[in-house]
Amino acid sequence: MELNEFVQSFSEEFEDTSKELFTPETEFKNLDEYDSLIALSLISMVDEKMGKRITGADLRACKTIEDLFNFVNSK
Amino acid sequence: MNNPFSLKNKTILVTGASSGIGKSIAVESSKMGASLIITGRNEERLEETYRQLEGENHLKIVADMTKYEDIETIVQEIPQIDGFSNNAGITQVVLVKHIKQSILENILSTNTVAPILLTQLLIKNGKIRKNGSIVFTSSLSGNYCVHYGEGMYAASKGAISGFAKGAALDLSKSNIRVNSVCPGIINTNLFETNSVLTKEELEEKQKYFPLKRFGQPEDVAYAVIYFLSDASSWVTGADLKIDGGYTLL
(Lines give C-alpha, C1' and ligand atoms only; values in the text may rest on other atoms or scores of the structure.)
Protein backbone atom coordinates (compact mmCIF):
# COMPACT_ATOMS: atom_id res chain seq x y z
CA MET A 1 0.00 0.00 0.00
CA GLU A 2 1.26 3.51 -0.91
CA LEU A 3 1.50 6.28 1.68
CA ASN A 4 -1.26 8.37 0.05
CA GLU A 5 -3.60 5.39 0.00
CA PHE A 6 -2.80 4.78 3.68
CA VAL A 7 -3.61 8.40 4.57
CA GLN A 8 -6.92 7.98 2.72
CA SER A 9 -7.80 4.76 4.59
CA PHE A 10 -6.71 6.38 7.84
CA SER A 11 -9.05 9.34 7.25
CA GLU A 12 -11.98 7.04 6.49
CA GLU A 13 -12.01 5.84 10.10
CA PHE A 14 -12.96 9.37 11.18
CA GLU A 15 -16.51 10.66 10.71
CA ASP A 16 -16.45 14.31 11.69
CA THR A 17 -12.95 15.46 10.84
CA SER A 18 -12.48 17.35 7.57
CA LYS A 19 -10.54 15.29 4.99
CA GLU A 20 -8.09 18.17 4.29
CA LEU A 21 -6.69 17.76 7.77
CA PHE A 22 -5.20 14.38 6.86
CA THR A 23 -1.68 14.48 5.42
CA PRO A 24 1.36 12.26 6.07
CA GLU A 25 2.56 14.92 8.55
CA THR A 26 -0.70 15.06 10.54
CA GLU A 27 -0.12 14.50 14.25
CA PHE A 28 -3.21 12.38 14.54
CA LYS A 29 -3.50 12.23 18.33
CA ASN A 30 -4.02 16.01 18.30
CA LEU A 31 -7.18 15.68 16.20
CA ASP A 32 -10.27 16.47 18.28
CA GLU A 33 -12.05 13.33 17.15
CA TYR A 34 -9.18 10.99 18.07
CA ASP A 35 -10.07 8.76 21.02
CA SER A 36 -9.86 5.13 22.08
CA LEU A 37 -12.73 4.26 19.77
CA ILE A 38 -10.89 5.65 16.75
CA ALA A 39 -7.78 3.79 17.95
CA LEU A 40 -9.77 0.52 17.86
CA SER A 41 -10.95 1.34 14.33
CA LEU A 42 -7.41 2.07 13.17
CA ILE A 43 -6.12 -1.22 14.59
CA SER A 44 -8.81 -3.08 12.63
CA MET A 45 -8.14 -1.03 9.48
CA VAL A 46 -4.43 -1.89 9.56
CA ASP A 47 -5.30 -5.55 10.11
CA GLU A 48 -7.80 -5.64 7.23
CA LYS A 49 -5.95 -3.59 4.65
CA MET A 50 -2.34 -4.46 5.44
CA GLY A 51 -2.65 -7.80 7.21
CA LYS A 52 -0.62 -6.57 10.19
CA ARG A 53 -1.54 -6.67 13.88
CA ILE A 54 -0.74 -3.52 15.84
CA THR A 55 -1.58 -2.58 19.43
CA GLY A 56 -2.75 0.51 21.30
CA ALA A 57 0.83 0.93 22.54
CA ASP A 58 2.10 1.02 18.91
CA LEU A 59 -0.36 3.82 18.12
CA ARG A 60 0.77 5.74 21.18
CA ALA A 61 4.40 5.45 20.06
CA CYS A 62 3.68 7.06 16.64
CA LYS A 63 3.36 10.80 16.18
CA THR A 64 2.33 11.34 12.56
CA ILE A 65 0.33 9.26 10.10
CA GLU A 66 3.56 8.65 8.17
CA ASP A 67 5.24 7.35 11.37
CA LEU A 68 2.45 4.83 11.69
CA PHE A 69 2.72 3.90 7.98
CA ASN A 70 6.46 3.30 8.35
CA PHE A 71 5.99 1.37 11.58
CA VAL A 72 3.38 -0.94 10.03
CA ASN A 73 5.59 -1.57 7.00
CA SER A 74 8.54 -2.39 9.23
CA LYS A 75 6.55 -5.11 11.01
CA MET B 1 -9.93 -28.79 62.04
CA ASN B 2 -12.89 -29.19 59.72
CA ASN B 3 -12.67 -26.86 56.75
CA PRO B 4 -15.63 -27.01 54.33
CA PHE B 5 -13.69 -24.90 51.82
CA SER B 6 -10.87 -27.43 51.55
CA LEU B 7 -10.24 -29.24 48.25
CA LYS B 8 -8.39 -32.10 49.91
CA ASN B 9 -8.93 -35.48 48.20
CA LYS B 10 -10.50 -33.74 45.21
CA THR B 11 -9.19 -34.04 41.67
CA ILE B 12 -9.80 -30.88 39.67
CA LEU B 13 -9.46 -30.29 35.92
CA VAL B 14 -8.47 -26.71 35.05
CA THR B 15 -8.37 -25.54 31.42
CA GLY B 16 -6.60 -22.39 30.34
CA ALA B 17 -4.10 -23.03 33.12
CA SER B 18 -1.04 -21.66 31.35
CA SER B 19 -1.87 -18.04 32.15
CA GLY B 20 -4.08 -15.49 33.87
CA ILE B 21 -7.11 -16.55 35.87
CA GLY B 22 -6.77 -20.25 34.98
CA LYS B 23 -3.19 -20.34 36.22
CA SER B 24 -4.18 -18.72 39.50
CA ILE B 25 -7.09 -21.14 39.99
CA ALA B 26 -4.74 -24.09 39.47
CA VAL B 27 -2.10 -22.80 41.89
CA GLU B 28 -4.55 -21.70 44.59
CA SER B 29 -6.54 -24.97 44.33
CA SER B 30 -3.32 -26.93 44.87
CA LYS B 31 -2.71 -24.88 48.02
CA MET B 32 -6.19 -25.96 49.20
CA GLY B 33 -5.13 -29.60 48.84
CA ALA B 34 -6.49 -30.56 45.41
CA SER B 35 -4.83 -32.84 42.87
CA LEU B 36 -4.75 -30.88 39.61
CA ILE B 37 -5.04 -31.79 35.97
CA ILE B 38 -4.02 -28.68 34.08
CA THR B 39 -4.37 -28.02 30.37
CA GLY B 40 -3.21 -25.18 28.14
CA ARG B 41 -1.98 -24.50 24.63
CA ASN B 42 1.54 -23.38 25.43
CA GLU B 43 3.77 -26.20 26.69
CA GLU B 44 6.39 -23.93 28.21
CA ARG B 45 3.92 -21.76 30.12
CA LEU B 46 1.91 -24.82 31.20
CA GLU B 47 5.13 -26.29 32.63
CA GLU B 48 5.67 -23.01 34.50
CA THR B 49 2.21 -23.37 36.13
CA TYR B 50 2.91 -27.05 36.82
CA ARG B 51 6.10 -26.15 38.69
CA GLN B 52 4.16 -23.71 40.89
CA LEU B 53 1.62 -26.33 42.03
CA GLU B 54 1.92 -27.36 45.63
CA GLY B 55 1.71 -31.01 46.67
CA GLU B 56 1.86 -34.07 44.45
CA ASN B 57 -0.20 -36.17 42.05
CA HIS B 58 -0.70 -33.44 39.48
CA LEU B 59 -1.01 -34.00 35.73
CA LYS B 60 -0.54 -31.68 32.75
CA ILE B 61 -1.90 -32.06 29.23
CA VAL B 62 -0.97 -29.70 26.39
CA ALA B 63 -4.21 -29.13 24.47
CA ASP B 64 -5.70 -26.62 22.07
CA MET B 65 -9.38 -26.29 22.94
CA THR B 66 -10.29 -25.28 19.39
CA LYS B 67 -9.30 -28.78 18.19
CA TYR B 68 -11.94 -31.41 18.89
CA GLU B 69 -9.32 -34.18 18.92
CA ASP B 70 -7.50 -32.36 21.74
CA ILE B 71 -10.73 -32.19 23.75
CA GLU B 72 -11.16 -35.93 23.18
CA THR B 73 -7.58 -36.54 24.30
CA ILE B 74 -8.17 -34.67 27.58
CA VAL B 75 -11.23 -36.79 28.33
CA GLN B 76 -9.44 -40.05 27.44
CA GLU B 77 -6.33 -39.32 29.45
CA ILE B 78 -7.80 -38.11 32.72
CA PRO B 79 -9.02 -40.15 35.68
CA GLN B 80 -12.40 -39.45 37.28
CA ILE B 81 -12.59 -35.91 38.62
CA ASP B 82 -14.51 -34.05 41.32
CA GLY B 83 -14.33 -30.63 39.75
CA PHE B 84 -13.85 -28.88 36.42
CA SER B 85 -12.91 -25.21 36.07
CA ASN B 86 -13.10 -23.85 32.55
CA ASN B 87 -10.99 -20.80 31.80
CA ALA B 88 -9.59 -21.17 28.29
CA GLY B 89 -10.65 -17.89 26.71
CA ILE B 90 -9.58 -15.34 24.13
CA THR B 91 -10.73 -11.96 22.98
CA GLN B 92 -10.14 -9.47 20.23
CA VAL B 93 -11.42 -5.94 20.60
CA VAL B 94 -13.16 -5.09 17.33
CA LEU B 95 -15.87 -2.56 16.60
CA VAL B 96 -19.02 -3.87 14.93
CA LYS B 97 -18.19 -2.47 11.49
CA HIS B 98 -14.89 -4.41 11.45
CA ILE B 99 -16.28 -7.80 12.59
CA LYS B 100 -15.21 -10.69 10.37
CA GLN B 101 -16.50 -14.25 10.28
CA SER B 102 -13.01 -15.67 10.94
CA ILE B 103 -12.52 -13.63 14.14
CA LEU B 104 -16.06 -14.38 15.32
CA GLU B 105 -15.65 -18.13 14.78
CA ASN B 106 -12.29 -18.10 16.54
CA ILE B 107 -13.67 -16.39 19.65
CA LEU B 108 -16.86 -18.49 19.81
CA SER B 109 -14.92 -21.68 19.22
CA THR B 110 -12.60 -21.17 22.19
CA ASN B 111 -14.94 -19.40 24.60
CA THR B 112 -18.25 -21.14 23.95
CA VAL B 113 -18.16 -24.23 21.74
CA ALA B 114 -15.11 -25.93 23.29
CA PRO B 115 -16.24 -25.71 26.92
CA ILE B 116 -19.71 -27.01 26.00
CA LEU B 117 -18.26 -29.95 24.07
CA LEU B 118 -15.73 -30.72 26.81
CA THR B 119 -18.53 -30.75 29.38
CA GLN B 120 -20.58 -33.05 27.16
CA LEU B 121 -17.71 -35.54 26.73
CA LEU B 122 -16.83 -35.49 30.44
CA ILE B 123 -20.43 -36.29 31.36
CA LYS B 124 -20.95 -38.86 28.60
CA ASN B 125 -17.81 -40.73 29.68
CA GLY B 126 -18.69 -40.65 33.37
CA LYS B 127 -15.58 -38.65 34.22
CA ILE B 128 -17.26 -36.37 36.74
CA ARG B 129 -18.12 -38.05 40.02
CA LYS B 130 -21.50 -37.64 41.66
CA ASN B 131 -21.44 -34.55 43.88
CA GLY B 132 -18.95 -33.02 41.45
CA SER B 133 -18.77 -29.35 40.56
CA ILE B 134 -18.32 -27.49 37.28
CA VAL B 135 -17.37 -23.80 37.24
CA PHE B 136 -17.25 -21.65 34.12
CA THR B 137 -15.21 -18.49 34.08
CA SER B 138 -17.61 -16.21 32.25
CA SER B 139 -17.44 -12.41 32.32
CA LEU B 140 -19.24 -9.23 33.33
CA SER B 141 -19.13 -8.59 29.60
CA GLY B 142 -22.25 -9.90 27.89
CA ASN B 143 -23.99 -10.62 31.20
CA TYR B 144 -24.01 -7.32 33.09
CA CYS B 145 -22.32 -4.73 30.90
CA VAL B 146 -20.02 -4.38 27.93
CA HIS B 147 -17.24 -2.13 26.65
CA TYR B 148 -16.54 -0.76 23.19
CA GLY B 149 -15.42 -3.38 20.69
CA GLU B 150 -16.41 -6.29 22.91
CA GLY B 151 -19.51 -7.43 21.02
CA MET B 152 -18.11 -10.79 19.92
CA TYR B 153 -16.54 -11.52 23.31
CA ALA B 154 -19.79 -10.51 25.05
CA ALA B 155 -21.75 -12.87 22.79
CA SER B 156 -19.43 -15.75 23.66
CA LYS B 157 -19.61 -15.09 27.41
CA GLY B 158 -23.37 -14.49 27.51
CA ALA B 159 -23.74 -17.81 25.72
CA ILE B 160 -21.55 -19.75 28.16
CA SER B 161 -23.44 -18.28 31.13
CA GLY B 162 -26.68 -19.42 29.52
CA PHE B 163 -25.23 -22.88 29.00
CA ALA B 164 -24.11 -23.03 32.65
CA LYS B 165 -27.72 -22.59 33.76
CA GLY B 166 -28.98 -25.25 31.34
CA ALA B 167 -26.29 -27.68 32.44
CA ALA B 168 -27.02 -26.96 36.11
CA LEU B 169 -30.56 -28.16 35.57
CA ASP B 170 -29.71 -31.18 33.42
CA LEU B 171 -26.96 -32.41 35.76
CA SER B 172 -28.85 -31.83 39.00
CA LYS B 173 -30.08 -35.44 38.78
CA SER B 174 -26.49 -36.62 39.28
CA ASN B 175 -26.00 -33.99 41.98
CA ILE B 176 -23.35 -32.36 39.81
CA ARG B 177 -23.43 -28.61 40.37
CA VAL B 178 -22.74 -26.02 37.70
CA ASN B 179 -21.97 -22.38 38.47
CA SER B 180 -20.22 -19.49 36.84
CA VAL B 181 -18.14 -16.52 37.89
CA CYS B 182 -18.30 -13.18 36.12
CA PRO B 183 -15.10 -11.22 36.65
CA GLY B 184 -14.74 -7.56 35.78
CA ILE B 185 -11.37 -6.16 34.74
CA ILE B 186 -8.62 -8.44 36.02
CA ASN B 187 -4.92 -7.67 35.69
CA THR B 188 -3.91 -10.36 33.18
CA ASN B 189 -2.11 -10.48 29.84
CA LEU B 190 -5.44 -10.90 28.08
CA PHE B 191 -6.49 -7.48 29.32
CA GLU B 192 -3.13 -5.77 28.93
CA THR B 193 -2.59 -6.96 25.36
CA ASN B 194 -6.04 -5.95 24.19
CA SER B 195 -6.42 -2.59 25.83
CA VAL B 196 -6.01 0.59 23.80
CA LEU B 197 -5.95 2.80 26.88
CA THR B 198 -2.81 4.57 28.07
CA LYS B 199 -1.31 3.92 31.47
CA GLU B 200 -2.81 7.19 32.71
CA GLU B 201 -6.24 6.27 31.32
CA LEU B 202 -6.04 2.90 33.08
CA GLU B 203 -5.16 4.62 36.36
CA GLU B 204 -8.16 6.90 35.84
CA LYS B 205 -10.42 3.93 35.07
CA GLN B 206 -9.57 2.23 38.36
CA LYS B 207 -11.25 5.17 40.11
CA TYR B 208 -14.60 4.02 38.66
CA PHE B 209 -14.33 0.87 40.75
CA PRO B 210 -15.87 1.44 44.21
CA LEU B 211 -13.06 -0.73 45.62
CA LYS B 212 -10.55 1.49 43.75
CA ARG B 213 -8.57 -1.16 41.90
CA PHE B 214 -8.72 -3.75 39.12
CA GLY B 215 -9.04 -7.37 40.20
CA GLN B 216 -6.20 -9.81 40.65
CA PRO B 217 -6.46 -13.38 39.32
CA GLU B 218 -6.57 -14.63 42.92
CA ASP B 219 -9.76 -12.63 43.55
CA VAL B 220 -11.44 -14.91 41.01
CA ALA B 221 -9.60 -18.06 42.10
CA TYR B 222 -10.94 -17.87 45.66
CA ALA B 223 -14.53 -17.67 44.38
CA VAL B 224 -13.96 -20.65 42.08
CA ILE B 225 -12.52 -22.60 45.03
CA TYR B 226 -15.74 -21.92 46.94
CA PHE B 227 -17.81 -23.35 44.07
CA LEU B 228 -15.50 -26.37 43.74
CA SER B 229 -15.61 -27.09 47.48
CA ASP B 230 -18.29 -28.77 49.59
CA ALA B 231 -19.03 -25.38 51.16
CA SER B 232 -21.26 -24.68 48.12
CA SER B 233 -23.07 -28.07 48.19
CA TRP B 234 -26.49 -26.47 47.83
CA VAL B 235 -25.49 -23.89 45.21
CA THR B 236 -26.10 -24.58 41.54
CA GLY B 237 -26.94 -22.35 38.57
CA ALA B 238 -25.44 -19.37 40.38
CA ASP B 239 -23.59 -16.62 38.69
CA LEU B 240 -21.20 -14.63 40.89
CA LYS B 241 -20.09 -11.14 39.94
CA ILE B 242 -16.51 -10.41 41.00
CA ASP B 243 -16.04 -6.80 40.00
CA GLY B 244 -14.91 -4.62 42.88
CA GLY B 245 -18.38 -3.07 42.89
CA TYR B 246 -18.09 -1.84 39.28
CA THR B 247 -21.71 -2.63 38.32
CA LEU B 248 -23.14 -0.89 41.39
CA LEU B 249 -22.66 2.47 39.77
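Predicted model: local features only at pLDDT ≥ 70, side-chain atom pairs only at ≥ 80, totals over all residues.
Residues are numbered from 1 along each chain as its sequence is written, while chains are lettered from A and ligands numbered from 1 in the order in which they are written.

**Positive phi values**

- The phi of B:N9 is near 65°, a positive value in a residue other than glycine.
- B:N9 is exposed, with 9 other C-beta atoms within 10 Å; exposed means 12 or fewer such atoms, buried means 20 or more, and partly exposed lies in between, with C-beta atoms placed from the backbone.
- B:K212, in the loop between α7 (199-206) and α8 of chain B, also is not a glycine and has a positive phi of about 60°.
- B:K212 counts as exposed, with 10 C-beta neighbours inside 10 Å.

**Packing of α4 and α5 in chain B**

- Helix α4 (residues 101-124) of chain B packs against helix α5 (residues 151-170) of chain B at an angle of about 15°, and their axes are 9 Å apart.
- The two helices, α4(B) and α5(B), are therefore roughly parallel to each other (angles under 35 degrees count as roughly parallel, over 145 as roughly antiparallel, 65 to 115 as roughly perpendicular and the rest as oblique).
- Residues making this contact include B:I103, B:L104 and B:I107 of α4(B), and B:M152, B:Y153 and B:F163 of α5(B); contact means C-beta atoms, placed from the backbone, within 7 Å.
- By class, the residues of the contact between α4(B) and α5(B) are 12 nonpolar, 4 polar and 1 charged (Ala, Val, Leu, Ile, Met, Phe, Trp, Tyr, Cys and Pro are nonpolar, Asp, Glu, Lys and Arg charged, and the others, Gly among them, polar).

**Nonpolar cores**

- The largest nonpolar core has 50 residues, and B:V220 and B:V224 are among those with the most contacts inside it; such a core is a set of buried Ala, Val, Leu, Ile, Met, Phe, Trp, Tyr and Cys residues joined through C-beta atoms within 7 Å.
- Helix α8 (residues 217-228) of chain B gives the largest share of this core, 7 residues.
- A second, separate core of 21 residues includes A:V7, A:F10, A:A39 and A:L59.

**Where the chains meet**

- Chain B has 11 residues in contact with 10 residues of chain A.
- The side of chain B that touches chain A has 6 nonpolar, 5 polar and no charged residues.

Technical notes
Axes fitted to C-alpha atoms, helices over the stretch in contact; angles between N-to-C directions. Helix = DSSP H or I, 4+ residues; strand = E, 2+ residues; numbered from the N terminus. Contact = placed C-beta atoms within 7 Å.
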